[in-house]
Amino acid sequence: MRQTLRACATVLVCAFLTLTSLKMSAQCIAPAMTWSNPTLVSGEALQKGSVYKFPSVTPGVYALVKVEEFKNGATLSSIDDNLYGYPAAWQPVVKTPVVQGVSESWVEFNIRFFDSVDDKKHKYNCMQLSFIDVDGDGQKVQEFVAAKKPDNFMISNISILDITNVGDMVKAMGRIGNYPALDTTSYMTNINYRYYNEDEIDEVWIGNKTAATFIVQDRYSCGYFKQISMPYQVLPVTYSSFTGTVSGNNNVTLDWATVNEQSNSHFEIERSFGNGSGYKTIGKVAENPTAMGGKRSYRFNDKPEELKGQKVAFYRLKQVDLDGKINYSEVLAVVLKSKNAGTLQVYPNPFADKLELRFSVEVDANVEIRIVDYSGRVILVNRTQVERGLVQVKVGGLQQLKPGAYIAQLIIEGQVVESQKVVKN
């Protein structure tokens with residue numbers, strides 16, 4: 001953001017989703033939080049270790065924000081500046097270093113939520129942290145933000161942000177260019193981080209990248225905890241879904257469905273590794289003439305040998321009209337199977353009241369089993385710690401589920417490594 005007055009726009013960027021929560025995000029409505037009137041409850045103001053209390057982010061819930069670290073000369077000028085932007089958003093101000101030179105500097109925060117009545121941790125079914133207007137000063141400074149282990153993250157399919165993984169952090173780097181006068185159609189500078197069943201965001205970075213020489217300055221950030229939505233539509237094809245599943249030894253199957261196709265010739269499937277740039281065409285699927293109520297379904301299988309050794313594969317669809325014009329879909333980020341996990345076996349399938357999951361891990365690990373219905377709603381979460389070797393996890397209490405199809409997800413150290421369809425009798 002530039003230093004002068006600016007209102008950051010509340011908009012949802014088009015979907016850039018991990019496999020874990022692609023369907024869940026449409027189901028749970030993230031609460032609209034109000035971040036205001038912070039008070040210092042411990043430590044020295046604006047210094048490492050200081051903790052600020054935001055008294056009522058949602059009714060009956062308060063938040064504690066701890067300043068964990070300062071990196072490479074960054075300093076904190078304000079924990080929440082509401083003179084600009086949106087008063088309901090969390091808007092810390094991070095200053096660039098005073099020493100000239102090429103560097104990345106940032107402040108690390110921890111955010112936790114508590115019930116006001118008994119001070120117990122408060123867990124949200126879902127929450128969304130949307131950073132708005134991540135850009136630059138137009139000269140020598142670029143802003144960036146990062147969040148630890150989001151269940152999914154979203155950017156525009158024409159985003160100016162560069163996305164990288166730094167350990168468990170999903171980092172979004174803006175451009176030097178300044179993007180003023182944002183409105184609800186200017187979404188290329190925004191990123192949404194999405195979390196499910198959490199009472200804290202363990203780590204958030206807010207910082208800047210500077211050139212060799214630059215003007216020392218405060219950079220205003222706008223972090224909006226709110227369900228922000230914008231319909232995603234690309235004409236002449238409207239996508240009703242775009243999903244990916246991983247099975248076996250990184251067998252990736254892409255499925256998408258469209259409605260209201262007009263003059264569509266075919267789809268080209270493009271894939272990228274790394275940060276979602278450098279796409280190459282890996283296949284072509286012709287237009288499907290068979291329609292049910294105007295809806296058409298498509299499928300493409302990627303080649304496992306080309307995915308070997310990769311952690312994440314980014315996919316997008318290049319839709320080609322009969323006259324040669326092209327449009328791109330949203331980007332789908334598929335988390336590939338971890339080397340720490342063997343093939344998942346789930347039985348009995350169909351099941352009545354319980355399931356048993358068998359898999360292997362090469363090291364001791366934290367494991368999470370999720371049962372998800374096909375609307376994306378999380379039915380059950382089972383967390384446990386396992387030792388290396390062959391593992392058996394029993395999941396009971398399923399007798400109350402309605403008959404039908406569900407998804408059993410295996411998550412190891414925060415990463416979805418396999419999903420399987422299961423059926424309740």
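The model is predicted, with local features needing pLDDT of at least 70 and side-chain atom pairs counting only at pLDDT 80 or more, while totals for chains, interfaces and linings use all residues. Residues are numbered from 1 along each chain as its sequence is written, and side-chain values use heavy atoms, leaving out hydrogens and water.

On the secondary structure side, the chain comes to one helix and 31 strands (DSSP runs numbered from the N terminus: H or I of at least four residues for helices, E of at least two for strands). Of its 425 residues, 53% count as buried, where buried means under 20% relative accessible area, exposed over 50%, and partly exposed in between, with a 1.4 Å probe and protein chains only. Contacts are heavy atoms within 4.5 Å; of those with a separation of 6 or more, 69% join residues 24 or more positions apart. The chain exposes about 18,700 Å², and carbon and sulfur atoms supply 49% of that (Shrake-Rupley method, 1.4 Å probe; for residues, only the protein chains shown count as cover).

Salt bridges turn up 14 times in the whole structure, each a side-chain nitrogen of Lys or Arg within 4 Å of a carboxyl oxygen of Asp or Glu. One of them pairs Glu104 with Lys171 at 2.5 Å, N to O. Glu104 sits in strand S7 and Lys171 in strand S12 (residues 169-173), so this pair ties together parts 67 residues apart in sequence. Glu104 is partly exposed at 24% relative accessibility, whereas Lys171 is buried at 9%.

Glu143 and Arg219 also meet in a salt bridge (3.1 Å, N to O), linking strand S9 (residues 141-148) to strand S15 (residues 218-220) across 76 residues. Here Glu143 is buried, with a relative accessible area of 5%, and Arg219 is buried too, at 1%.

A further bridge joins Arg299 and Asp255 (2.6 Å, N to O). Arg299 belongs to strand S21 (residues 295-301) and Asp255 to strand S18 (residues 251-259), 44 residues apart; Arg299 is exposed at 54%. Asp151, Glu368, Arg370 and Arg383, meanwhile, are linked in a network of salt bridges.

As for His266, this residue is found in strand S19 (residues 264-273) and is buried, with a relative accessible area of 11%. Leaving aside residues up to four places away in sequence, His266 touches Lys284, Val285, Ala286, Glu287, Lys318, Gln319 and Val320.
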